[in-house]
Amino acid sequence: MGGGPAGMAAALAARAAGVQDILLLERDQHLGGILNQCIHPGFGLHHFKEELTGPEYADRFVRLLKEEQGIEVSLRSFVVKLTPGREISYFRPGALEEVRARAVILATGCRERTREMIQIPGSRPAGIYPAGLAQKMVNMEGWIPGREAVIVGSGDIGLIMARRMALEGVKVKGVVEIQKTSRGLVRNVVQCLEDFGIPLYFRHRISRIHGADRVEKVDVVRVDDNLKDIPGSGFEVPCDTVLVSVGLIPENELLEMAGGEIDRAANTPVAAGVNLTSVPGVFACGNACKVYDLVDWVTRDSALAGRMAAEYLEKK
Amino acid sequence: MTYDVAIVGAGITGAAIARELSRYRLKVLLLEKEAEPAFGVSKSNSGIIHAGTQNPPTSVKAWLCVEGNRLLRGGLAADLGLHFVQCGQLIVVFDLKDLPELEKIKKEGADLGIKGLELVDRAWLAGHEPNLGPEVKAALYVPTAGIISPYRFVYALVENAVKNGVELKTSRRVTAIRRPAGGGFELEAGGEVYRSRFLVNAAGLFADEVSALAGAPTFKITPRKGEEYLLDKKREHIANHIIFPLPSKNSKGILIIKTSDGNPMIGPTAHDSGDKTDLSTTDDGLAEVLAGARRMMPSISKGDIIAYFAGLRPVSGKDFIIRHEDAAPGLVNAAGIQSPGLTSAPAIAVMVADLLRKHGLALEAKADFHRTRPRTVHLFQVPPEETRRLVKKDPAYGDIVCRCELVSAQEIRDAVRRGAATLDGIKFRTRAQAGRCHGGFCTTRIIKIMQEELGFPVTAITKRGPGSELIKDERK
């Protein structure tokens, strides 16, 4: 389930390990998942020993899948039910399908943590977007969400979107990070902020969002090591857009539906090792298993998940 | 052109009045200051259809609530194609010493004609509401209470009113009201002038200002803020009833609210506020709501919360203000409609129509009144067999747009065709973007469907009306 890098690697590896009949379900109209909106380079340095963009990296796997007779790809297919007995219901345009699988690999990726989860006080105007949604708007649709942006959180998506917005002529006023260091890769801090002269405010937080209909400005305040506001340190930043990049949450709602044990804090499967879940014959790989910083490692571990599923089927 | 009646405000009260008046041979105008109906007080409603308990027994609202509940259960919800669930409510006590309080609520309720009220003990509760915590000792069971989607209630009333000839005009804030010498009213709203013989004021938080504009500065509205916290749909079955503690002086307390869409809610707080636009949530509010809910149901956790919002109740004293204003002949106020306003709305509408009649408006029934409105499809409410039939009939029902709340492309299209013109309007009608990812995955898809249906450029699509545009520019 899931035709991003994890699902594609798992399907190909399971096939190579001898699994005869594989169904790959992807909710979108293309394979590739989030890679399709990651048009920047930096992918594949480990796996392919060359630097690719996200769509290029995805395309390498899409081509392999096309040549593979034993893997049926079903696009625009949205799974709504998974039972402990591995019965699957999924929608696709024109049908509600039901199938049973002898093994299931969940490669459902992550969703973004949102403004709602970090409790930024203030109003709820237009102009506040999860950074990944803004990335999809700019790179997939060609829509520029605003003209003056502040970015909350220095995760990789936030850093990459700071640069991406700057390249589109948006004035990026700063990245506000409550921690002392960036959560993102060092190369992204350098290449996405420093090279573009975008300020990064460590140990700061947005204390309020202003604006009735559209964002008008944000209040920023410095915090101490206990994350308490430092009086007198506040300043205002006029802007029409706030991008929120405060982490990712693995999507394990299907595993939960199938009775799998979930760590409530991280939303990851509780299991003995990587790619495993508490439900026999149900595996979870890629960002659904744990949040990765490089897609190369997703490919490596998800291929292992494909082999683990093959081994499980052989033993049965 | 002169309307017979102009109604100011397309929240639940104005919508119900418009639909009631649309039974008669009248020219009715419904003015709304926001871009769509239900965008004011009604959008933050809990969606509870109260039985009529917990109101002062001699109040107007006690009687209107019982009557509104009876009208809804007696056929109105079905006529309007609404998903009403009569799940019942429990009013719980943490100390058996408080049983006399429950007895009092029971007696007052029975006197108002509420049926089936029953005191239940721990053993009953263990069987019927197993997640209640050990602190809960007994409860009053109120079987006629239920739940409904507050937005869809408003939209159904407005759609049915419009079908029956009412004119809806949105983005029309009333800025001036004149009373010409010959009688009636002249309203300035959104740059237009409208004339009407009678004026109904259902302007929610701003009803005091509208009444004053019309020449009757007879009351003041004080906003009372309520913060609500929405839980993940995964917790849908945490409660089988709407669960209340004993009421406090200002409110019915912090509740655990089943909702007709599945996601349970906890809240609301009740704090008077000086600001009619303050919809911010607070750390204190969250702590208060969590503590209140967890005392009744300890398994509720902060991690279950996926969204939060605040609403403002338009409070003016302890009771509703529903009256003709002699200072401004022809003006009927329906103001101070706080809880239980959603439940009472159909009865308020009948009462307002009667006040208009007493003051000279002839109510002649239309021969061709359309009483019913077809039910809208929501996949999350539909059993698998019907889903299969729908998808076969129309493949776009199988094209899922919102994955958290299971909303298809066809439902988004239906919503636009029924009047949704903003992203929030789509959310309130369909629940798309209302789940755990807050639109992270589906927003672009919804915007594209809106573009196709409405023919707008993407830069004209808004969150909730002019000024809240979502996209500033398109790449060349």
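Two residues are in contact if their C-beta atoms, placed from the backbone, lie within 7 Å. The legends below describe a predicted model.

View 1. Of the contacts in chain B between residues at least 6 apart in sequence, 72% join residues at least 24 apart. Buried residues account for 57% of the 476 residues of chain B.

**View 2. Overall fold and dimensions of chain B.** Chain B contains 12 helices and 22 strands. Its radius of gyration is 22 Å, close to the 23 Å that the globule rule gives for 476 residues, so chain B is as compact as a globular protein of that length. The C-alpha trace of chain B spans about 65 × 60 × 45 Å along its principal axes.

**View 3. Packing of helix 10 against helix 12 in chain B.** Helix 10 of chain B (residues 409-417) and helix 12 of chain B (residues 443-454) pack with their axes 10 Å apart, at an angle of about 45 degrees. The two helices are therefore oblique to each other. Helix 10 of chain B passes helix 12 of chain B in a right-handed crossing.

**View 4. Residues at the contact of helix 10 with helix 12 in chain B.** Helix 10 of chain B contributes Ala409(B), Ile412(B), Arg413(B), Val416(B) and Arg417(B) to the contact. From helix 12 of chain B come Ile446(B), Ile449(B), Met450(B), Glu453(B) and Leu454(B). The residues of this contact divide into seven nonpolar and three charged, with no polar residue.

Definitions and conventions
Residues numbered from 1 in each chain as written. Chains lettered and ligands numbered in written order. Predicted model: local features only at pLDDT ≥ 70, side-chain atom pairs only at ≥ 80, totals over all residues. Helix = DSSP H or I, 4+ residues; strand = E, 2+ residues; numbered from the N terminus. Rg over C-alpha atoms; globule rule 2.2 N^0.38 Å. Buried ≥ 20, exposed ≤ 12 C-beta atoms within 10 Å, placed from the backbone. Axes fitted to C-alpha atoms, helices over the stretch in contact; angles between N-to-C directions. Parallel < 35°, antiparallel > 145°, perpendicular 65-115°, else oblique. Left-handed = near helix turned anticlockwise from the far one by under 90°. Nonpolar A, V, L, I, M, F, W, Y, C, P; charged D, E, K, R; others polar.
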